Each structure stands twice: as C-alpha cells, then as structure tokens.
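This report describes a protein model in plain terms.

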Amino acid sequence: MREIFRFIVSEIRGTWRYRWYAVFAAWAVCVVGWLLVLRMPDIYEARTQVFVDADSRLADVMNQVGATPGVGSQVFVVRQALLARPQLEYTAHATGLDKRATTVEEQEELIDDLLENIVVATGRSGEGRRLFTISFRDRDRAMAVSVVDTLLQTFVQDVLKLKDQGTEQATGYLQDQLEYYGELLSEAEQKLAQFKRQNVGLLPGESGGIFERLQIETIVLKDIRSNLQVELDGQIELRRQLAAEEPYIPGATEVAGEMSLGGTSSDQSIRDLEAQRSQLLLAYTERHPDVVAITEQLAQLYKKREEERTALAHSGSGIEGAANANNPVYQSVQIALNECGVRIAALRSQLSQQQRVVAELNNHINTIPEVEARYAELTRDYSQYQSLYDELLEQRERERLATAGKDRDLITFNITDPPAAGLEPIAPMRALFLAGILVVGLGIGTALAWIIHQFNPIFHDARSLSGFAHRPVLGVISMTWLERNRTARRLDVMCFAVAGMALMFVCGLLIVFQDQLVVFMDTLAQGTTT
Amino acid sequence: MSKISEALDLIHSSRSRVNSSYPGNDEIADANVVAELVSPTDEQNSSVAGSRILRINLEDLRDAGLIGSEYDQQLLADQYRDIKRPLIAHAFGKRATRIEHGNIIVVTSSIAGEGKTFTTINLALSMTKERDYTTLLVDADTAKPQISELLCAENDFGLLDVLENPDLDVHSAICPTDVKGLSVLPAGKPRPNATELLSSDAMDHVVDQLGRASSRQLILLDAPPLLQTSEAKALSGLAGQIVLVVRAEHTPRGDVGTALSLLNEDQAVNLLLNQARYTSSKYQYGYGYHAPEDKEEPESKEIHKSEIFE
C-alpha cells in the first residue's frame with residue numbers, strides 16, 4: 001500500500017514538472033472543441049404516434065375459418081418497406097430534402113442520413129405493440145415535421161394496401177385454380193362419356209363385372225337345360241301312358257253320349273228355358289205370352305238339337321281318336337301331352353337364345369378387362385377433379401366471407417399524436433458537451449504532461465536513485481530557496497492556477513451564454529461567407 | 001548555472017562596497033559555519049610569495065545561493081554532516097575500509113546545472129569543521145571557474161599555471177582562506193588548451209603531489225560535468241572517491257546511467273541527490289525544528305541520522 005502511494009505521488013510529481021504543457025494543451029483542446037460545439041447545428045426532432053388496432057371480433061371468427069390476419073407481421077414488413085432505399089428516396093424527394101444534395105455522393109449520404117435518423121419503433125409488449133412511433137431528427141424543424149408527415153402517410157397507405165393485397169391475392173389465386181380445375185373436370189367428363197358410348201354393353205353395370213355376368217348367364221342356361229330335360233322326360237312318360245289306355249270304352253257310351261251331348265251348346269239353353277217355363281207355368285197359364293214364346297223357342301231348340309246329334313253320329317273318330325274317344329283318362333293324358341309339347345318348344349327357344357348370350361360373353365372375355373381398366377382410370381380422374389374442384393369452390397366461398405369481414409374493421413388506424421416537433425432543439429446538449437470538452441481538455445493536458453514525464457524519467461528520492469544506479473547514495477540535500485527563486489516559483493504556481501481557473505471560468509461563461517454565442521457565431525459565419 | 005552566474009555578478013558589483021566589512025561573529029555563528037577566522041599573519045608566514053588570504057564571505061555565498069538560506073541552514077548542515085562522514089571514514093580508514101587515495105575526492109555530475117559547485121563548497125565548509133583534518137578545495141572546472149570567481153581569484157596564479165610549468169611547485173599556488181582548515185587552489189588563468197592540460201600526465205603528478213603532501217588533508221576537486229567534457233573522466237580517474245551529484249526531478253535517468261558507465265567500475269562512486277524538494281517528512285521536520293533560537297541538539301540529530309539510515 002505504501003509502495004503504491006509512493007509510486008502515485010512520484011508520478012504526480014513527475015507530471016507536475018510539465019504542468020505548463022498540460023495547461024497549453026488543455027487550452028488548445030478546449031478552445032478548438034468549444035468552437036466546434038458552438039458551431040454544431042441545432043437538431044430538432046419531429047415525431048408522431050399511430051395506434052394500429054389489428055384486433056377485432058371478426059379476427060376471432062376469421063381465425064376459425066382459417067384466414068389468419070397476421071397484422072403484426074404485416075406491419076413489420078411495412079416498417080421494413082418504409083426504411084427501404086426507394087421509399088427513402090421518395091421521402092427525400094417529396095419533402096424537398098433532396099435539394100440539399102447536388103452530387104450523387106451527397107445524395108447517397110443524404111439517404112444514409114435519413115436511414116440513420118428515421119426511427120420507427122413499437123412498444124415492447126401488450127397495448128404498446130400496436131403503438132407505432134415514427135420520429136426523425138433534422139436541423140430544420142419544419143423539414144423534420146414534413147419528413148415525419150410523409151412517412152406517416154406512406155405508412156398508413158402501405159398498411160392498407162398490404163391488407164387489400166393479401167385478400168386480393170388469395171381470391172385471385174383461388175379463382176385461377178377453380179378455372180383450371182373446371183377445365184380439367186369437363187375434359188375428364190367428356191372423355192368418360194365418349195368412352196361409355198363406344199363401349200356400350202361392355203361396361204360393368206350394377207350387376208357387376210363380366211365374369212359375374214357370365215357366371216349368372218351360365219347358371220340360367222343350366223336351369224333352362226334342366227327344365228327342358230324334365231319336360232322331355234315328362235313327354236315320354238305321357239306317351240307311354242297314352243299308349244297303355246284304350247281310347248274307347250263300350251259301356252260308357254250313354255254316359256259318354258250324355259257327357260258328349262252335354263258338351264253341346266244347345267243342351268244348356270234347352271235346360272235353362274225349360275226351367276224358366278216351369279217357373280212361369282206356376283204363375284201363368286199356357287196361354288201367357290211369355291210361356292208361348294218360351295215354348296216356341298224350345299221347339300226350335302229341340303229341332304236344332306236333333307240336327308246336331310245326327311251330325312255328330314255321322315262323323316268318324318281320328319287317329320288319336322281323342323275327340324271321338326270316349327275314355328276320359330285317355331283324353332286327359334292326351335291333353336297333358338299336348339301341353340308338354342308346347343312347353344318343350346318354348347324352352348328350346350329360350351335355350352338357344354341363352355346359348356347365344358353366353359357365347360357372346362365368352363367372346364368378350366379377353367377384351368373386357370382392358371376396357372374396365374380404362375374405365376376405372378377415367379372414372380378416377382374424373383372423381384379426383386371433382387373433389388378438388390368442390391374443395392376449391394368451398395374455399396373461395398370462405399375467402400369471400402373473410403374478405404367481407406376484413407373490409408369492415410380489421411385494421412383501424414388512430415393517429416394519437418399528429419406529426420409535430422418541439423420548439424426547443426433536442427440536440428446538441430451544448431452545456432454537456434462544453435463541460436465534457438473541458439474535462440477532456442484537462443485530461444489530454446494531464447495525459448500529455450504525464451507522457452512527457454514518462455519519456456523523461458528523473459529521480460525523486462534516494463530510493464529511486466540507489467535502485468537505479470546500484471551505487472551507494474551518500475545522502476539527500478534539500479532544495480534551498482533564495483527569496484527571489486521562491487517568489488518566481490510562487491508566481492509560476494499562481495500563473496498556473498490562474499490559467500487553470502480561467503479555463504474553467506471560460507467554460508462556465510460559455511455554458512451560461514451558449515445561446516447568444518451560437519447566434520453570434522452564426523452571424524459571424526454568414527458575414528464571412530457573404 | 002545561471003543562478004550562480006547571476007549571483008556572481010551581484011557579488012562583484014557589491015564587493016567594492018563591502019570589501020572591508022567582515023561579517024560579524026554573531027552572523028557567522030548563526031550561519032552555523034565554524035567561523036574561527038585564521039589570523040592573516042599566521043598564514044602569510046608560510047605562504048609562497050604572491051599568494052594572499054582569500055576571504056570567504058558567507059553573505060555573498062548566500063546571495064549566490066551557494067549555501068543554504070537562513071531557514072535551511074540547520075537542515076543543510078545536518079545533511080552535509082551525514083554525507084561527509086562516510087567520505088572521511090573511507091579516506092582515512094576510520095571505522096571503515098580505507099580506500100587508496102581516498103582523501104582525493106572528485107565532485108562531478110552528469111550534466112551542468114546539477115549543483116556541483118554548491119555541493120563542493122558546502123562539503124568543504126562542512127569538512128573544515130573536522131578538527132583532525134584540513135581541507136583543500138581545487139577548482140578543476142577550468143571552463144567555468146566559479147569558485148575562483150567567487151573568491152575573486154579567477155585571474156590568480158592557479159592550477160592551470162602549475163600544469164603548464166612543471167617546474168613550479170603546486171603548493172605555491174594554494175591560497176589559504178579566512179576559514180580555518182580550508183585552503184583553495186584556484187583554476188588559474190584561462191587558456192585555450194585547458195582541457196589538454198587537465199588530461200595530461202602533469203595533472204597526475206600534481207594530484208599525486210597534493211595527496212602526498214599531508215596525510216591529514218582532504219582534497220576536494222570541483223570537476224566539470226562528465227557528459228559535457230572529456231577531462232572530467234580523466235580527473236575522476238585520479239580520485240580515490242567520486243561524488244556524483246544528481247539533481248532531483250531534473251537530471252534525466254538516462255544521463256545518470258551514461259555518466260556512471262563512463263566511470264571505472266572499481267572506483268568508489270557515491271551518489272548524492274541534490275535539490276530534493278519534498279523528499280521526506282524529514283525535510284519538514286527539520287524545517288520546523290530549526291527555529292532560529294535552537295542550536296545544535298544532540299537528540300534531534302540522532303533523529304535525523306536514524307531516519308537517514310533507515
């Protein structure tokens with residue numbers, strides 16, 4: 001500790017030797033620095049605040065529908081766009097800021113300055129995130145306000161444009177897709193229809209594929225065949241039965257004649273009329289006109305019956321003699337045989353038709369799978385396009401709904417602070433700079449003195465001397481002062497103190513009268529330029 | 001150096017006025033320099049023809065800044081006492097190893113303006129207080145013979161004259177002073193070949209003569225600065241002990257290093273820090289302690305010593 005203290009003291013003493021260098025350096029630095037500070041132009045800051053409300057009840061609905069607004073990121077994009085070079089160039093041009101620059105380099109510098117001085121900031125969290133602050137600093141107060149105003153307008157326009165663009169893009173895209181898929185769909189439809197026309201009958205119907213059909217038709221064919229066989233067997237049996245029966249039975253002629261007579265049409269009418277006449281005779285005499293009429297009618301009928309009977313007796317029996325046969329069993333077998341023959345004929349015709357169908361199916365059995373595959377393909381394409389198209393259609397409707405919501409109140413602007421600038425310049429903080437330069441000046445002066453001291457090391461005490469020389473040090477002789485030397489030294493220290501104090505005093509004066517001095521310097525500068 | 005040069009001018013102008021006035025006894029005692037003035041008649045008997053008694057006027061020295069001011073006297077006296085002690089001890093082997101030719105002491109410095117002459121005079125005055133030894137002050141700084149000028153002996157017969165004429169006895173050039181035990185060998189008349197003379201064999205011879213003359217005599221040579229003249233190195237080669245004066249907060253360290261490198265390693269080189277301004281509390285203590293009414297107090301001296309050897 002003592003060593004450190006000793007070292008520090010020795011450094012201070014060494015530096016003290018070059019105090020006048022320090023004073024001059026400090027003065028030089030301060031004078032130059034102060035002049036620069038006084039010549040620094042005033043800087044005004046214009047600012048505006050916009051509240052961008054991206055939150056609304058519709059946003060929730062839209063979230064459900066799938067249309068995420070994402071206003072936050074959009075605004076971020078706008079902010080980036082606002083600070084893009086073309087936009088800055090536009091701003092410079094619109095505000096007349098570019099008149100300050102004449103050469104291309106100056107123009108570049110101007111844009112760079114703009115980029116540096118424009119601040120677009122949002123709050124960190126919560127409500128503040130929606131509060132945008134745009135600020136700009138310039139030495140011209142009106143210009144600062146103008147730039148901020150232009151930026152604000154652009155900002156609002158850009159955000160609105162972006163919002164519209166988003167929905168327009170979405171609906172436009174959907175529309176294009178819809179048209180495209182619509183074309184594809186109708187094309188597929190046409191192809192399918194044509195194919196169907198070309199391959200009528202070969203396409204799988206509701207009953208299924210060709211193999212299933214072939215199977216079914218074959219079964220039907222088999223059925224027909226077995227039915228036919230059954231009928232044919234029946235026919236043979238009937239023939240045999242017929243052959244076994246006698247067509248005529250002698251004892252049964254009357255019965256047979258009765259039965260045979262009964263078979264004529266006159267017999268029945270006669271019986272009916274006789275019953276009617278008996279009835280009428282119960283109530284009337286034989287002379288009643290009705291009874292007379294019936295009797296006459298009966299007489300005619302009797303005559304007619306006699307004629308018929310004779311005609312029948314003269315006619316001979318046929319080969320089968322069925323009509324003429326009087327055996328009822330024979331007759332019924334005969335009839336069954338006839339019916340059986342009819343059925344066999346029908347089945348035969350069915351069979352031949354069915355055989356044709358099966359044969360045809362067998363012919364197609366090789367080509368059908370190809371057709372079926374092609375058909376399946378066409379159908380698949382078609383159904384795919386169909387579903388896509390439907391989906392797009394649905395989406396477009398959704399988007400239309402979402403757009404309707406957006407147009408209403410998704411993004412609202414509220415300019416909470418219109419562009420304005422304070423009357424007092426916000427920079428430079430001259431008082432601070434002036435004082436800072438004083439400190440820097442004193443620091444540089446001290447540093448200079450110290451550096452010179454470092455380059456000119458000397459001895460302060462016996463310790464440093466013996467440590468350096470490695471020779472015995474006899475002793476130390478104190479400085480002895482003559483009165484005139486003492487006075488000279490006092491004068492020197494006093495001058496030093498005055499020089500230092502004057503520096504601080506001047507600094508104080510500058511701080512107090514800075515405004516007047518700035519004006520004075522400006523007029524002075526104008527005077528020299530004109 | 002300018003300080004002394006100015007002072008010399010002042011003295012020369014005032015000398016004519018105060019030539020006859022001796023400083024009073026009180027004043028000298030106050031100056032704490034033993035002022036037992038030698039009676040001129042005693043010295044004149046033994047002196048060579050032409051030599052005279054040089055008067056050492058303390059007021060003049062003080063005006064020239066060559067001895068401490070009234071406030072600093074006590075402190076400086078103490079400091080020089082501490083410095084001379086090891087030199088004398090080594091010169092005569094008292095309580096220390098004797099150094100050959102140790103009684104021949106060269107006072108030099110790295111550069112001009114470090115206080116060689118101041119040191120030589122004060123050391124010489126301090127040594128005269130030793131009862132057992134006499135002191136011879138040799139002004140070997142022939143380029144700037146300040147001691148000679150101070151004593152108005154710059155044009156007197158001196159060292160250079162002796163060197164140029166080997167036939168002459170060096171003792172004939174030595175002037176006694178009015179301070180007891182102190183005699184002075186002036187530089188001699190200035191001449192252009194002074195450097196060569198000081199570096200010559202004749203110088204060896206002269207110093208040898210001086211050293212052998214008395215075993216009880218301390219010979220102090222005021223030499224020119226080491227880095228600025230070539231004869232200083234030659235002169236230092238003749239001495240038994242060398243005192244290298246270093247001015248505090250003034251002499252660059254590098255210069256001290258260079259000066260030391262010029263000196264022979266085997267020689268007894270002692271350093272002396274001159275014009276130290278705020279070296280230690282000792283200064284302040286001594287300063288405060290030395291109220292005008294206080295005289296030598298053994299206790300206080302003990303304190304000083306102990307602090308020095310700390």
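## A residue in a strand

Thr133(A) lies in strand 3 of chain A, which covers residues 131–138. The model is predicted. Is Thr133(A) buried or exposed? Its relative accessibility is 12%. Buried means under 20% relative accessible area, so Thr133(A) counts as buried.

Which residues does Thr133(A) touch, apart from its neighbours within four places in sequence? The contacts of Thr133(A) are Arg47(A), Thr48(A), Gln49(A), Val119(A), Val120(A) and Ala121(A). With Gln49(A) there is also a polar contact, formed between the two side chains at 3.4 Å.

## Two helix pairs in chain A

Helix 8 of chain A spans residues 210–244, and helix 12 of chain A spans residues 328–364. Their axes come within 8 Å and cross at roughly 160°. Angles over 145 degrees count as roughly antiparallel, and helix 8 and helix 12 of chain A are therefore roughly antiparallel to each other. The crossing of helix 8 and helix 12 of chain A is left-handed. Sorted by class, the residues in this contact between helix 8 and helix 12 of chain A are 20 nonpolar, 12 polar and 7 charged.

The other pair is made of helix 2 of chain A, residues 19–39, and helix 14 of chain A, residues 430–455. The axes of helix 2 and helix 14 come within 8 Å, and the crossing angle is roughly 155°. Helix 2 and helix 14 of chain A are therefore also roughly antiparallel to each other. Which hand does the crossing of helix 2 and helix 14 of chain A have? The crossing of helix 2 and helix 14 of chain A is right-handed. Where helix 2 of chain A meets helix 14 of chain A, the contact has 18 nonpolar residues, 4 polar residues and 1 charged residue.

## The chains as a whole

Conventions:
Residues numbered from 1 in each chain as written. Chains lettered and ligands numbered in written order. Predicted model: local features only at pLDDT ≥ 70, side-chain atom pairs only at ≥ 80, totals over all residues. Heavy atoms only, no water. Axes fitted to C-alpha atoms, helices over the stretch in contact; angles between N-to-C directions. Helix = DSSP H or I, 4+ residues; strand = E, 2+ residues; numbered from the N terminus. Parallel < 35°, antiparallel > 145°, perpendicular 65-115°, else oblique. Left-handed = near helix turned anticlockwise from the far one by under 90°. Nonpolar A, V, L, I, M, F, W, Y, C, P; charged D, E, K, R; others polar. Buried < 20%, exposed > 50% of the residue type's maximum accessible area, 1.4 Å probe, protein only. Polar contact = N/O pair within 3.5 Å; in protein donor to acceptor, adjacent residues only side chain to side chain. Contact = heavy atoms within 4.5 Å.
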